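Colleague: I would like to go through the labels on this structure and ask what each one rests on. Please show it first.

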Amino acid sequence: MEIGTIGAGAFAQAFAKRVLKAGHKVKLSNSRGPGSLREIVNHLGPGATAATKEEAVACEMVLLAVPWDNVPETLASLPKWKNQILIDGANPFHGQAGDFRPADVGNLSTSQLVAALAPGARVVKAFNHLLVPNLEAEPVVNEARRVAFISADDDGAKKRVQTLLENCDYSVVDLGDLRDGGLIQQAGGPLAGRDFFERGEYHK
Ligand SMILES: NC(=O)c1ccc[n+]([C@@H]2O[C@H](COP(=O)([O-])OP(=O)(O)OC[C@H]3O[C@@H](n4cnc5c(N)ncnc54)[C@H](OP(=O)(O)O)[C@@H]3O)[C@@H](O)[C@H]2O)c1
């Protein structure tokens, strides 16, 4: 599968390493255009390409990996969604990466807000509770699999992302819909940043 990323910073690059390792292809994009991504895609290796945002969004699955304050303008700048799966990886913090001033998102989960700003996309919250070092680390340690959480309102889209996570060797836990599941795993929720493993023999 070919997966696009909107944003090509620390989180998108860690995600790219993980899915490339599982045999997928990744089209990375940012605000400055493909020319600025040459070094990053060379470093990621075969399967990674630099793309425009439009090219990245044309993939059947797309990761949203931009700072929270940039989410509205970023989504507004994209072509209309035509049923692609949008994996919401954004955390509700003001400022740039590493700045942890929480943004007020009212009663909705952040993914519900993202879904409202991306009509036509099938939004799935996934990969997001993992900190970059945990996402970069091997998912299987001593035959225990790192746990990855997933939430969505669209069951078909959720199943597709679950399969992607399982391809990457995670043990997937379905937390339900975008609201309840989203609130549990997003920044500020009880599962955010936690690093769990499921014991038991695991042979790929
Ligand atoms: N770091 C973590 O542990 C972690 C884990 C999970 C989730 N997240 C979340 O993932 C998101 C990104 O975090 P990060 O650490 O990867 O940040 P980062 O390293 O600062 O990267 C941000 C990326 O967003 C791009 N961007 C900004 N505005 C854009 C726009 N309008 N259109 C397209 N691309 C745009 C930037 O591109 P330019 O440089 O070209 O502007 C850059 O590639 C945040 O919401 C963060 O909370 C982070």
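Modeller: Helices and strands here are DSSP runs, numbered from the N terminus, and a strand is a run of E with at least two residues. Serine 29 lies in such a run, strand 2, residues 25–29. Note that this is a predicted model.

Colleague: What makes the pair of serine 29 and threonine 5 a polar contact?

Modeller: A polar atom of the serine 29 side chain lies 2.8 Å from the backbone oxygen of threonine 5. The cut-off for a pair of N or O atoms is within 3.5 Å, so the pair qualifies.

Colleague: Where is asparagine 167, and why is it called partly exposed?

Modeller: Asparagine 167 is in helix 7, residues 155–167. Its relative accessible area is 29%. Buried needs under 20% and exposed needs over 50%, so a value in between is called partly exposed.

Colleague: What does the side chain of asparagine 167 contact?

Modeller: The side chain of histidine 24, through a polar contact of 2.9 Å.

Colleague: What makes phenylalanine 127 and asparagine 83 stand out in their backbone angles?

Modeller: Most residues other than glycine have a negative phi. Phenylalanine 127 has a positive phi of about 65° and is not a glycine. Asparagine 83, also not a glycine, has a positive phi of about 80°.

Colleague: Where do phenylalanine 127 and asparagine 83 lie?

Modeller: Phenylalanine 127 is in the loop between strand 8 (122–126) and helix 6 (132–136). Asparagine 83 is in the loop between helix 4 and strand 5 (85–88).

Colleague: How do you know whether phenylalanine 127 and asparagine 83 are buried or exposed?

Modeller: Phenylalanine 127 has a relative accessible area of 0%, so it is buried. Asparagine 83 has 51%, and exposed means over 50%, so asparagine 83 is exposed.

Colleague: Why is glutamate 39 given its exposure label?

Modeller: The relative accessible area of glutamate 39 is 69%, and the limit for exposed is over 50%, so glutamate 39 is exposed. Glutamate 39 is found in helix 2, residues 38–44. Its C-alpha atom is separated by 9.5 Å from that of alanine 50, 11 residues apart along the chain.

Colleague: Turning to the ligand, how many residues surround it, and of what kinds?

Modeller: There are 24, and the closest are Ala8, Phe11, Ser31, Arg32 and Val66. The shell divides into 12 nonpolar, 9 polar and 3 charged residues.

Colleague: Which ligand atoms are within polar contact range of the protein?

Modeller: Among them, a ligand oxygen is 3.3 Å from a polar backbone atom of glycine 9. A ligand oxygen is 2.9 Å from a polar backbone atom of phenylalanine 11. A ligand nitrogen is 2.9 Å from an N or O atom in the side chain of threonine 74.

Colleague: How much of the ligand does the protein bury?

Modeller: Taken alone the ligand exposes 900 Å², and the protein buries 82% of that.

Colleague: Which pocket does the ligand take up, and which elements contribute to the shell around the ligand?

Modeller: The space taken by the ligand is the largest pocket. Helix 1 (10–21) and helix 4 (71–76) are the elements that give two or more residues to the shell.

Note on methods. Residues numbered from 1 in each chain as written. Predicted model: local features only at pLDDT ≥ 70, side-chain atom pairs only at ≥ 80, totals over all residues. Heavy atoms only, no water. Near = heavy atom within 4 Å. Polar contact = N/O pair within 3.5 Å; in protein donor to acceptor, adjacent residues only side chain to side chain. Areas by Shrake-Rupley, 256 points an atom, 1.4 Å probe, with all protein chains shown as cover. 1 Å grid on protein atoms, 1.4 Å probe; cavity = no way out; pocket = protein on both sides within 12 Å on 5 of 7 lines; lining within 4 Å. Sits in = over half its atoms within 2 Å of the grid points. Helix = DSSP H or I, 4+ residues; strand = E, 2+ residues; numbered from the N terminus. Nonpolar A, V, L, I, M, F, W, Y, C, P; charged D, E, K, R; others polar. Buried < 20%, exposed > 50% of the residue type's maximum accessible area, 1.4 Å probe, protein only.
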